[in-house]
Amino acid sequence: MKDNIILIGFMGSGKTSVGIRLSYQLKRTMIDTDKWIEQRQKRTVSEIFAQSGEESFRSMETDCLKELIRQADRQIISVGGGLPMRKENHALLKELGTVFYLRVTPKTVYERLKADTTRPLLQVEDPEGRIRTLLKQRAPVYEACADVVLDVSELSFDEILEQIEEELKKHETISDQRTES
């Protein structure tokens with residue numbers, strides 16, 4: 001396993017914002033898989049969904065993970081909310097590093113994203129209902145992929161960063177013990 005910190009969770013859970021702050025705090029480069037794909041495709045995620053479809057985008061996410069496994073080490077990686085839903089991505093995420101699931105409530109997601117028109121999956125008549133449905137489907141998958149689950153709805157960025165650092169110390173201790181055995 002590589003020494004990356006992977007942030008997974010539903011849209012609006014704070015993966016990118018936490019990732020940026022964490023990268024400054026730990027002095028590591030931060031990669032957002034959606035931005036990585038947009039740069040290579042020279043179009044936005046919304047454009048990819050509209051022009052090529054969701055399945056095409058999901059394939060791009062898997063390709064992104066494979067590329068990051070070859071290249072990324074000691075980085076912070078924030079992944080798109082749907083990326084863990086593809087079964088083949090589970091092992092890739094584990095290989096890429098320590099996976100943190102930033103768990104949020106549907107209400108928190110709705111409050112954070114109700115004015116955001118850039119989320120293709122929320123451009124529906126009942127976005128709050130869509131959030132509840134998607135979260136219900138995705139939460140068990142996120143939990144299965146994660147090494148660490150953090151409930152972040154009520155936490156400040158500083159509190160989230162503090163919890164991540166505490167968990168990283170625990171994982172280092174476990175790794176050191178395994179090495180010594």
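What follows is an account of the salt bridges and their surroundings.

Modeller: The model is predicted, so local features are given only at pLDDT of at least 70 and side-chain atom pairs only at pLDDT 80 or more, whereas totals for chains, interfaces and linings use all residues. Residues are numbered from 1 along each chain as its sequence is written, and side-chain values use heavy atoms, leaving out hydrogens and water.

Searching the whole structure gives 12 salt bridges (a side-chain nitrogen of Lys or Arg within 4 Å of a carboxyl oxygen of Asp or Glu). One of them joins the side chains of E55 and R86, at 2.5 Å from N to O. This pair connects distant parts of the chain, 31 residues apart: E55 belongs to helix α4, and R86 to the loop between β3 and α5 (helices, H or I of at least four residues, and strands, E of at least two, are DSSP runs numbered from the N terminus). E55 counts as exposed because its relative accessible area is 53%, while R86, at 18%, is buried (buried is under 20%, exposed over 50%, partly exposed in between, with a 1.4 Å probe and protein chains only).

Helix α5 itself spans residues 87–96, and its buried residues are N89, H90, L92, L93 and L96. Among the elements covering them are α4 (54–71) and β3 (76–78).

A second bridge is formed by the side chains of R103 and D151, also at 2.5 Å from N to O. It links strand β4, which holds R103, with strand β5 (residues 148–151), which holds D151, across 48 residues of the chain. R103 is partly exposed at 26% relative accessibility, and D151 is likewise partly exposed at 46%.

Because E167 and K170 are three residues apart in helix α8, about one helical turn separates them. E167 is buried, having a relative accessible area of 18%, whereas K170 is partly exposed at 47%.

Salt bridges also link D3, R28 and R74 in a network. R74 is in contact with T29, as are S23, Q75 and I76, setting aside the neighbours of T29 within four places in sequence (contact means heavy atoms within 4.5 Å). T29 sits in the loop between α1 and β2 and is partly exposed, at 48% relative accessibility.
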